[in-house]
Amino acid sequence: MAGIGVSDHRSLILIVAAASMLVTVSVANRDWYYGGGFNYTTHWPWGPRNDSHSLNNTNVPNKIIVGGSDHWHYGFNYSVWAFQNNPFYVNDVLVFKYDPPSKSPFHHSVYLLPNMWSYMMCDLSRAKLIANTTQGDGEGFEFVLKKWQPYYFVCGESGGLHCRDGRMKFFVMPMLRRWHY
């Protein structure tokens with residue numbers, strides 16, 4: 001391919017990666033049909049949709065342990081976990097549980113990244129520490145998904161090594177709860 005430089009290939013790879021992540025997010029929120037949706041007939045003329053994938057209509061926030069019984073540790077694929085445990089809703093509570101430094105030689109923390117680019121690159125330069133290495137002990141650290149926005153979580157230990165090589169990263173886009181009429 002004459003005329004296409006190395007930087008052009010890198011740009012193309014980043015565009016494809018970003019597009020695939022956006023598709024992943026849209027598929028992950030597959031149950032969200034409130035306000036439109038594709039090919040759903042909600043409340044007209046036959047009443048509300050009634051199937052096994054209906055929205056969480058309880059209006060009560062869920063408390064979700066990140067990683068389930070595996071908790072927050074190196075080598076677990078949290079992106080897959082987030083996909084398999086969606087949807088997440090505004091006001092749901094994520095609980096990060098991990099051993100403190102006194103119980104494990106491997107330290108963990110939780111950082112919030114500002115955007116998809118930082119998430120993809122595990123770039124901690126603009127990251128915000130939300131739970132230090134001791135806050136995951138016992139009942140764990142709780143984080144409330146307060147807004148309808150993407151949240152990018154990573155472990156920031158070892159200069160981002162846990163994020164890059166340990167797969168200790170995931171993102172969620174909480175949905176708005178559907179209120180009863």
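The link of cysteine 122 and cysteine 163 is left-handed, at -75 degrees about the S-S bond. This disulfide (a pair of cysteine sulfur atoms within 2.5 Å) has an S to S distance of 2.0 Å. The structure holds 1 disulfide. This is a predicted model: local features need pLDDT of at least 70, side-chain atom pairs count only at pLDDT 80 or more, and totals for chains, interfaces and linings use all residues. Residues are numbered from 1 along each chain as its sequence is written, and side-chain values use heavy atoms, leaving out hydrogens and water.

**Cysteines**

- Helices (H or I, at least four residues) and strands (E, at least two) are DSSP runs, numbered from the N terminus.
- Cysteine 122 is buried at 5% relative accessible area, and cysteine 163 is buried at 0%.
- Buried means under 20% relative accessible area, exposed over 50%, partly exposed in between (1.4 Å probe, protein chains only).
- Cysteine 155 is in no disulfide; its nearest cysteine sulfur, that of cysteine 163, is 8.4 Å away.
- Cysteine 155 is also buried, at 0% relative accessibility.

**Sheet**

- An open, antiparallel sheet contains 4 strands in the order E4-E3-E6-E7.
- Two strands pair if DSSP finds at least two bridges between them.
- E4 and strand E7 (169-172) are the edges; each has a single partner strand, so one side of each lacks a neighbour in the sheet.
- Strand E6 (residues 151-154) runs antiparallel to E7, joined by 4 bridges.
- Tyrosine 152 has phenylalanine 171 in E7 as its bridge partner.
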